[in-house]
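Biologist: I am new to reading models. Please take me through this one, step by step.

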Amino acid sequence: MAMTAPPSGAYKIVAVPELYGDTIRRLGVEGTYVGGSEADSPWVPFGDNAAIRHLAFDVRDNVYVNILWIKGPGVIGTHKHRGRVWAIGLEGSFRYLEYDWVCKPGEFITETPGTAHTLVTDDPGGMKALFHMQGANEFYDEHGNHVETLDVWWFINHYETYCREHGLPINPALYL
Ligand SMILES: [Fe+2]
């Protein structure tokens, strides 16, 4: 039924019934596609040894999706989550000082409100992981003093500031 393999070129778009079609056309929001180029979304520096590729910003739910790339052995400072995180390893590996596991490509982790931890990669090639994040991240210094809060507005500003400074277009497909 759902999974069939017609000859190449035989696929067709099917019009499906929709009880609420008029309402969806009036209020619904179409999904987006973000390609792989710098113009679609550049790698924006995040400290000296890392970069973030922003993929989605949802200001209604304070949700943001991005790829974190740490380019070699290094650390992302201690932070406390005020929302939920889902993440999947893409390249290299990373761990947290507070936990006993190491996340490698294809492995999935969750982080929950109220937890605090310190991300480290020991991999010579660093790490890449996709993060789906909700709510705020509070960053702290080595003495436990609050330094900065990162939320959807911080991430939007991080992306847009870099684009403005480098003459890159703001990609509307990143905004839900
Ligand atoms: Fe975290």
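**Reading the fold and one residue**

Modeller: The protein chain has 2 helices and 12 strands. Helices (H or I, at least four residues) and strands (E, at least two) are DSSP runs, numbered from the N terminus. This is a predicted model: local features need pLDDT of at least 70, side-chain atom pairs count only at pLDDT 80 or more, and totals for chains, interfaces and linings use all residues. Residues are numbered from 1 along each chain as its sequence is written, and side-chain values use heavy atoms, without hydrogens and water.

Biologist: What pattern does the protein chain follow along the sequence?

Modeller: Read that way, it is α-β-β-β-β-β-β-β-β-β-β-β-β-α.

Biologist: How much of the protein chain is buried?

Modeller: Buried means under 20% relative accessible area (1.4 Å probe, protein chains only). Here, buried residues make up 36% of the 176 residues.

Biologist: Where does Asp-58 lie?

Modeller: Asp-58 lies in strand β2, residues 50-58.

Biologist: Which side chain of opposite charge is nearest to Asp-58?

Modeller: First, the idea. A salt bridge is a side-chain nitrogen of Lys or Arg within 4 Å of a carboxyl oxygen of Asp or Glu. Asp-58 is buried yet has no salt bridge. The nearest side chain of opposite charge is Arg-60, 4.9 Å away.

Biologist: Which backbone nitrogen lies 3.4 Å from a polar atom of the Asp-58 side chain?

Modeller: That of Asp-61.

Biologist: Leaving aside neighbours within four places in sequence, what is Asp-58 in contact with?

Modeller: Contact means heavy atoms within 4.5 Å. Asp-58 is in contact with Val-63, Val-152 and Leu-176.

How values were computed: Buried < 20%, exposed > 50% of the residue type's maximum accessible area, 1.4 Å probe, protein only. Lys, Arg positive; Asp, Glu negative; His and termini not counted. Polar contact = N/O pair within 3.5 Å; in protein donor to acceptor, adjacent residues only side chain to side chain.
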